[in-house]
Every structure is written in C-alpha cells, then in structure tokens.
Amino acid sequence: QPVGRKEFEQRTFPHEYDVLIYTDGNHYYAKDAHGNVICVDSPTACIQEAVDMSGLIIIKPGTYILNAKSKIPWSDPNTVLYAGIVVKKPYTHIVGVGKVIIKLGDKVGGSVIGIGSGADDVTIEGLYIDGNSQNNLDTGIDGDLTGIISSMDIWRLTLRDIYVTNTTREGFYLHGTFSHFENLIADSAGRGGYDGIVLDAVTYSSVFNLKSVNPGRDGIYIIGATLLGDIKNTLNIDGINVYGAQRFGIHIIHAQGVSISNLAARRNAYDGVFIENSEGVNLVNVYALENNRNGVYLYNSKNISIVNAFLLNNRHGCSDPMGSAILLYNTQNARLIAIKAYDNRSTPCQRYAVEEISGSTSDYNILVGGVLTPNALGAYYLVGANSKILDADVLTRASGQATIPPNATSVTVSHGLICAPHKVLVTPLAQPPGSIWVSNITATSFNINVSTAPTADLPVVWYAEC
C-alpha cells in the first residue's frame with residue numbers, strides 16, 4: 001500500500017546519522033541508522049567500526065579511552081604510523097555532541113586520530129582529545145604520538161571546534177589542500193619538546209582561530225616547503241593566539257603567499273613571530289608582548305609586510321643579547337606600516353623599535369608611520385643605505401651648530417634626540433688648528449673635541465642620527 005513521503009523517510013532513514021556511538025558508563029555501543037546495535041565492545045573497536053563505515057558518525061557525551069591502535073594509510077608507503085582511530089574512507093563526518101573525550105590509553109603509542117591517504121572530504125568536529133603523554137613516552141618517530149595527524153595528500157579536510165591537550169608530540173600535525181580549520185586549541189601539547197600546531201604544506205586553505213598555550217616548542221609552526229620556491233602556500237589565517245611557547249610563538253619557514261591577520265604572541269621564550277627564508281608573507285593586526293627576545297624577527301626573507309602592529313616590552317627578561325620590537329637579518333623590501341613599538345617599563349629593555357642586525361645584508365626596508373619610543377637604545381638602528389623611517393612619531397635626526405671657544409679643546413652639545421645617536425658628523429666652518437672628533441655620546445649629549453685649542457671661536461656644524 002502506498003505511503004506518504006514522510007512515512008517513507010521515517011521507515012527508510014529513521015535517524016539523522018549513519019552511526020551513533022554512545023556509552024552507559026560501563027559499556028560502549030555503536031548503532032546504525034536503523035537502530036540496530038552493530039557493536040558492543042571497547043571504545044576503540046566501536047568507534048573504528050563506525051569510522052570504517054564512513055558517513056555521519058555521532059558520538060554522544062562520555063570518555064572514550066583508546067587501548068589499541070592501527071596503521072594509518074600514508075601517501076609514502078615507507079612511512080609507518082599508527083593511531084587509536086584511523087579514518088580511511090572519504091566523506092567521513094565525525095561529530096562530538098556535548099563533552100566527548102577521546103583519550104589515548106596507557107602505553108598504547110601512536111596518535112589519537114590519524115587521517116589516512118585517500119580520506120578526502122573528511123570532517124571532524126566537537127572533540128576533546130587527551131594524548132595522555134605521561135603514560136606514552138616518545139618513540140623517536142616523527143609523526144607519532146600527536147593529537148590529530150593527516151596524510152600529506154589529503155584534500156578538503158575540515159576540522160572544527162577541537163581541543164587537544166597533553167600530547168607527547170604535536171597537538172595537530174596537518175597537511176591538506178582546499179582545507180578548512182576552525183577553532184583548534186592545543187593546550188600543553190608537544191610536551192616532549194614539540195610544537196602545538198603544525199601546518200605543513202597546507203595550501204589554498206582557510207584557517208580561523210588557532211590557539212596554542214604552553215607548547216613544548218613552537219606555538220604555531222607553518223611550513224611552506226623544503227626549499228623556498230617549491231610551493232606557494234596561498235594560505236589565509238584569521239586569528240592566532242599563542243602564549244608561553246618554549247621557543248617561537250609563531251614560526252613560519254619557506255612560505256610564500258601566507259597572510260595572517262589578528263595574531264597575538266605573548267610571553268614566549270624566544271620571539272613572538274619568527275619568519276625565516278620566506279617571501280610575500282603578510283601580517284595584519286599584530287600583537288607581540290613580553291616575549292623574551294624579539295617581538296617579530298625577519299630572517300633571510302624578502303617582501304614581508306607588517307601592518308598595524310603593537311609590539312610592547314619585548315626582551316622581557318632584560319638579559320638576552322637580542323631583543324627588539326622588530327629585528328631584521330638579511331631581509332630586504334620589508335614594509336612596516338603603523339607600528340607602535342616601545343617599552344613602557346621604568347627601565348626599558350627592548351633594544352630598538354626596528355633593528356637591522358649589524359653586518360647583515362638587510363636593505364630597502366621602509367617603516368611608515370608609528371610610535372617608536374621609548375626603547376632602551378633608541379627608535380631604530382639601520383644598516384641598509386636605502387632603508388628608511390618615514391613619518392614616525394619620534395625625533396631620530398637632529399642638526400645644529402656649536403662653537404668651541406678660544407683656548408678650549410671641547411664643547412658639549414645637547415642633541416635633543418630620544419636616543420644615543422649611532423651616527424654623529426661634524427664639519428668645522430673654519431680651519432681647525434688640529435684634528436677634530438666626537439666623544440662621550442650619550443642619550444642626551446656628545447662632545448666635540450679638537451686636538452689644539454683655537455685662538456678664536458671655532459664654529460662647527462653637526463648632524464646626529466639614531
């Protein structure tokens with residue numbers, strides 16, 4: 001007898017999921033879309049059976065401890081990695097509803113979740129992942145003991161609203177093309193001396209709201225390719241927060257075409273942001289506060305832009321030999337726009353707002369607009385002949401005329417700059433009776449000296465620059 005569409009759908013598809021995973025606190029179950037129980041076993045077995053079926057998998061609240069692992073299919077067959085849950089099929093959608101804790105069991109090894117080669121169009125969301133690092137020691141295998149790891153050839157991977165904690169290695173180690181990552185948190189991940197979140201050759205993808213707190217090495221590590229030029233990332237990130245990294249807050253290497261907006265890096269052991277061997281990286285709305293070395297360090301890179309940055313009180317411990325708001329080494333054509341970089345402590349320790357390392361090939365770097373004082377050694381230190389500071393709220397250059405009176409061999413000049421100048425040029429307006437030089441350069445004054453006292457006033461024109 002014919003039935004209506006609604007009754008037909010209820011008979012054929014009685015539930016909105018393909019597999020439902022749930023626990024009563026003692027046992028673990030998997031139920032298919034028709035309400036048939038297809039698994040009564042360990043969390044590992046039931047979740048893995050559901051994942052092997054693919055489709056929409058709903059996991060209800062509870063703690064699911066994984067006491068077994070299986071091999072992750074990998075793009076390189078010589079790479080052997082394991083995980084407690086392995087996603088092997090495309091179009092798998094795993095959703096945690098409520099507080100769903102997925103925890104690696106004691107001495108299991110492997111990662112918590114692995115996304116294998118060929119598992120394209122996978123979505124995972126709403127999970128709390130515990131790597132149980134205290135009971136899973138480092139194996140020495142790269143890619144092992146992470147929270148979530150994905151194979152190198154993954155397409156259209158979506159991860160959303162996932163919290164990873166307590167992993168021996170990386171919280172997230174992700175590859176992917178045309179992927180989407182949103183609201184990923186790594187808390188105390190990489191306890192064995194590894195990074196919180198790694199984006200390795202992630203291309204043509206969008207990323208929103210990454211957070212890494214107290215990682216064992218870098219907070220967020222973005223890898224373009226083995227060599228600059230091998231890959232163009234075309235990666236857009238909106239929202240990064242890193243606190244307490246044991247090395248760099250945000251580390252970018254071999255990247256091209258990466259744009260990051262709204263990033264904050266605070267209290268990291270090295271630099272807030274470290275960009276090396278990269279080109280065409282754009283940072284907008286940057287907040288780097290109280291990092292132990294530099295706020296932002298540009299190393300051997302070119303065509304980097306930083307727009308609207310607040311870089312405060314870096315070189316936080318005051319003891320590291322490095323430590324400026326922005327440090328540049330062998331970097332060219334950086335554009336620094338609207339930079340507020342200063343140290344408001346009673347005794348400033350942040351060296352400069354902008355510093356090109358002496359002896360480096362940094363040049364053609366331009367800062368336009370900003371507040372660059374106070375800092376310990378001054379507003380900026382530039383070594384590039386073509387690097388410039390334009391329209392900044394700081395007095396970094398001054399000139400004037402002083403007079404060495406008769407029978408005197410020196411005169412003290414108050415230069416009025418906000419720093420001790422690193423360059424002072426003097427030109428006598430009359431023939432001096434001997435050699436002339438500058439000494440005793442301080443943040444407030446310097447001396448102009450002559451080897452033999454003149455018999456009449458000796459006017460001298462001077463120029464000083466921070």
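# Pocket, cores and cavity

Me: Which residues lie nearest the centre of the largest pocket, and how many line it?

Reply: The lining has 19 residues, and D142, G143, Y173, H175 and D200 are the ones nearest the pocket's centre. Keep in mind that this is a predicted model. The pocket's volume is about 300 Å³.

Me: What makes up the lining of the largest pocket, by class?

Reply: Ten of the lining residues are nonpolar, three are polar and six are charged. Among the elements involved, strand 16 (197–200) and strand 18 (220–223) each contribute at least two residues.

Me: Why does D195 count as buried?

Reply: The cut-off for buried is under 20% relative accessible area. D195 comes out at 1%, so it's buried. You'll find D195 in the loop between strand 15 (180–187) and strand 16.

Me: What makes the D195 and R217 side chains a polar contact?

Reply: The N or O atoms of a pair have to be within 3.5 Å, one able to donate a hydrogen and the other to accept it. The side chains of D195 and R217 make such a contact at 3.0 Å. A polar atom of the D195 side chain also lies 2.9 Å from the backbone nitrogen of D218. Beyond four places in sequence, D195 is in contact with R169, E170, G171, G190, P215, R217, D218 and Y221.

Me: Which residues touch the most other members of the largest nonpolar core?

Reply: That core has 86 residues, and the ones with the most core partners are I102, L159, F172, L199, I306 and L311. Take L199: outside the four places either side in sequence, it touches L174, F181, V207, L210, Y221, I222, I223, L235 and I237. There's also a second, separate core of 16 residues, with V413, L458, W462 and C466 among them.

Me: Why is the space lined by L336, V354 and E356, among others, called a cavity?

Reply: It's called that because a 1.4 Å probe fits inside but cannot get out. The structure holds one cavity of 30 Å³ or more, and the largest cavity has about 40 Å³ of space. Its lining consists of L336, V354, E356, N365, I366, L367, L382, S387, K388 and I389. Strand 28 (352–356), strand 29 (366–371) and strand 31 (388–393) are the elements giving two or more residues to that lining. By class, you get six nonpolar, two polar and two charged.

Me: Why does K388 count as partly exposed?

Reply: Partly exposed sits in between the buried cut-off, under 20%, and the exposed one, over 50%. K388 has 44% relative accessibility, so it's partly exposed. K388 sits in strand 31.

Me: Which residues of helix 2 are buried?

Reply: In helix 2 (residues 43–53), they are P43, T44, C46, I47, Q48, A50 and V51. S54 follows helix 2 and has a positive phi, near 60 degrees.

Notes
Residues numbered from 1 in each chain as written. Predicted model: local features only at pLDDT ≥ 70, side-chain atom pairs only at ≥ 80, totals over all residues. Heavy atoms only, no water. 1 Å grid on protein atoms, 1.4 Å probe; cavity = no way out; pocket = protein on both sides within 12 Å on 5 of 7 lines; lining within 4 Å. Points joined across faces, edges and corners; volume = space filled by probe spheres on them. Helix = DSSP H or I, 4+ residues; strand = E, 2+ residues; numbered from the N terminus. Nonpolar A, V, L, I, M, F, W, Y, C, P; charged D, E, K, R; others polar. Buried < 20%, exposed > 50% of the residue type's maximum accessible area, 1.4 Å probe, protein only. Contact = heavy atoms within 4.5 Å. Core = buried A, V, L, I, M, F, W, Y, C linked by side-chain atoms within 4.5 Å.
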